Amino acid sequence: MKIFVYTAAWFSDQKEKPGCLFSGNITGNSCRQAVVKKLSLWRLHMNVPSAKTAKMLVSCKFTVILSLTVLFFNNCRTEKLKPTNDGSQTPDGTVVSKDTTTDGSLIPHSVALKNMFGINAYEWNFLQDPINPNLKSHIYEANMAVIKSFSSVRHYMNWNKLENTKGNYTYNPTNNGSWDYDLIYTRCKQDGIFVLADLKNCPTWLESTYPASLQDNENVPAPYGLNKSDPATYADQARTAFQFAARYGYNGNVNKALVKVDSRPRWTNDPPNEVKIGLRLIKYIECDNERDKWWKSAATQQTPEEYAANMSAFYDGDKGRLGNNAGIKTADPTMQVVMGGLATCDVSWVKRMVEWCRKNRGYKADGTINLCFDVINFHFYNNDGNILTHARATTGVAPELSMAGQIADSFVQYANSLPQKPDVWVTETGYDINQGSYQKAIAIGDKSVLLTQADWILRTSLLYIRHGIKRTFYYQLLDDTPDVDVQYATSGLAIDAKRRPAADYILQTNTLMGTYAYQSTINANPIVDKYVSGSKVMYVLVIPDQKGRTAKYTLNLGLLTFKANIYTLKAGSDQAVKTQVSTSAGKVTVNVSETPIFVEAAN
């Protein structure tokens with residue numbers, strides 16, 4: 001039974017819903033003793049003499065009686081959250097909600113904040129020591145220490161690595177590059193790092209089917225000249241997907257006769273590949289990347305219907321029509337298939353794919369459309385352009401001032417309208433540090449470009465969880481091409497096996513409150529978000545601007561909160577800096593800036 005006592009004297013002192021005098025799992029005499037104890041603590045904290053306290057309680061007799069009635073009869077029930085909105089919005093469009101539970105209880109959302117801290121990376125980020133570039137059979141621990149700053153990795157997995165020659169599959173080592181995927185995935189699981197494997201790009205043997213003028217490893221994953229609207233066109237990719245899922249998935253009963261590897265050694269003492277089944281290392285796989293490439297040739301592009309046909313083959317061999325060795329679900333029905341990240345950010349793409357599934361895959365026994373994906377996925381980089389009209393950007397901007405919230409809402413609202421309610425992920429976002437890029441972070445006041453990048457990266461995670469996105473991955477671990485002004489070339493969150501401030505902020509926030517879940521936004525400007533983890537509450541405060549603006553905000557932590565912990569982020573550190581301060585009647589006034597700060601009750 002949860003116990004909560006309110007009095008009229010305290011109601012007037014609460015900015016939000018009145019705080020609770022007492023919360024705990026007690027009954028009978030223990031309850032009465034605890035209430036008396038809490039009243040005494042409150043009196044001491046407020047420096048109110050006993051006589052005066054008694055006089056006040058007498059004057060509030062009716063309220064006390066009513067409160068005790070609520071205490072013993074209305075609070076012995078399951079906690080239920082019933083948020084209401086006051087109509088105000090944050091700059092990113094989030095409606096500010098106030099907690100209006102009848103008993104003050106909190107029910108967290110299901111998504112942990114740590115899910116917002118993913119990174120895009122390649123196999124060489126795990127295995128290649130710059131001093132010994134040919135040594136690829138061991139984890140490069142210096143880089144691995146940086147990777148562990150993030151909760152998850154999106155592995156850019158080039159199809160050519162798995163199937164360097166048609167029909168011959170290799171993993172440990174790969175015939176192309178000699179990489180050890182078994183080692184990478186095993187280490188990630190050991191270190192608690194979630195992996196999204198992204199099977200992307202065409203292998204050389206498939207690319208060579210195109211005329212020389214059209215050859216591009218980002219071509220549609222099908223031989224040249226075939227009908228892009230026919231799922232059978234994508235049978236080669238679907239068979240590779242089956243092999244990958246059979247090896248790294250969770251199904252130990254795959255027919256071993258269907259699982260193939262190229263066991264031929266390439267040279268003396270070259271370790272041979274071996275057939276392995278059900279290694280239980282990968283739960284999610286993504287089908288290619290940005291198939292809506294409006295900026296490239298027609299050979300690289302698919303319509304939503306063509307991509308749906310592609311995904312139907314990839315998903316389950318087009319409902320089994322491509323044979324018993326094609327498709328992810330054919331090998332492991334539990335593996336989750338993620339739609340390739342959409343660069344257009346146009347939710348109508350997904351709608352058209354769903355309609356293709358309705359017409360071509362039909363309905364399941366439960367009456368729902370038989371979809372060819374489990375997770376919806378898009379890419380968005382915060383800038384001053386307009387992705388929906390392809391209006392070119394000139395600079396990166398703070399996430400709250402971009403279209404990020406609007407676009408996230410369009411995808412989440414549509415996903416929630418489907419019976420399956422698929423998750424929506426953002427698997428690419430980020431900022432360059434080179435000032436010649438139109439996707440650059442900028443210096444603000446006395447903050448360097450790197451510190452602004454750190455602010456905006458962390459605030460992007462906070463924005464997306466606010467809008468219902470379930471996972472976010474940043475582009476990328478290291479710069480693609482250092483010191484180049486091309487967009488996305490200098491988006492790295494680390495350099496030379498050392499974290500940049502953005503990775504510092506992610507590590508510190510994840511360490512502090514990675515298990516907390518977003519519950520509500522209680523103030524619009526500055527933004528004040530409430531997160532919960534069990535009975536613990538953390539507030540995240542930030543100015544949603546890019547002017548170097550600051551403000552003071554008085555946060556009400558509850559009448560019987562005598563001290564507060566304030567955490568500030570520090571570049572170059574593993575942990576946020578903790579400062580403990582006294583409250584005034586449970587309230588603490590904090591200085592808020594464009595760098596998020598974190599506040600919790602200390603008692």
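Start by selecting helix H14, residues 404-417. Helices here are DSSP runs of H or I with at least four residues, strands are runs of E with at least two, and both are numbered from the N terminus. Colour Ala 404, Gly 405, Ile 407, Ala 408, Phe 411, Val 412, Tyr 414 and Ala 415: these residues of H14 are buried. Buried means under 20% relative accessible area, exposed means over 50%, and partly exposed is in between, using a 1.4 Å probe and protein chains only.

A word on what you're looking at: this is a predicted model, where local features need pLDDT of at least 70 and side-chain atom pairs count only at pLDDT 80 or more, while totals for chains, interfaces and linings use all residues. Residues are numbered from 1 along each chain as its sequence is written, and side-chain values use heavy atoms, with hydrogens and water left out.

Next, show what covers the buried residues of H14: the cover includes helix H13 (347-360), strand E8 (375-379), strand E9 (423-428) and helix H15 (449-466). Zoom in on Phe 411. Leaving aside residues up to four places away in sequence, Phe 411 touches Leu 342, Cys 345, Asp 346, Val 347, Val 350, Ile 376, Phe 378 and Val 424. A contact means heavy atoms within 4.5 Å.

Phe 411 is also one of the residues with the most contacts inside the largest nonpolar core, a set of 127 residues. Others on that list include Phe 126, Tyr 185 and Tyr 464. H15 gives the most to this core, with nine residues. Then find the second, separate core of 15 residues, which includes Leu 555, Leu 557, Ile 566 and Val 588. (A nonpolar core is a set of buried Ala, Val, Leu, Ile, Met, Phe, Trp, Tyr and Cys residues joined through side-chain atoms within 4.5 Å.)

On to the sheet. Select E13, E14, E15, E20, E17 and E18: in that order, these six strands form an open sheet with antiparallel pairing. Two strands pair if DSSP finds at least two bridges between them. Which strands stand at the edges? Strand E13 (517-523) and strand E18 (577-582) do, each with a single partner strand, so one side of each is left without a neighbour in the sheet. Look at E14 (residues 527-533) and E15 (residues 536-542), which are joined by seven bridges. For one of those pairings, click Ser 533 and its bridge partner in E15, Lys 536. Bring H15 back: it packs on this sheet, touching E13, E14, E15 and strand E20 (597-601).

Asn 172 and Pro 173 are joined by a cis peptide bond, with omega about 0°; Pro 173 sits in the loop between helix H7 (159-162) and helix H8 (181-190). Another cis peptide bond joins Tyr 475 and Gln 476, with omega about -10°.

Now try His 390, in the loop between E8 and H14. His 390 isn't a glycine, yet its phi is positive, about 65°. Is His 390 buried or partly exposed? With a relative accessible area of 39%, His 390 is partly exposed.

Conventions
The expected span of a helix is 1.5 Å times one less than its number of residues. Axes are lines fitted to C-alpha atoms, for helices over the stretch in contact, and angles run from 0 to 180 degrees between N-to-C directions.
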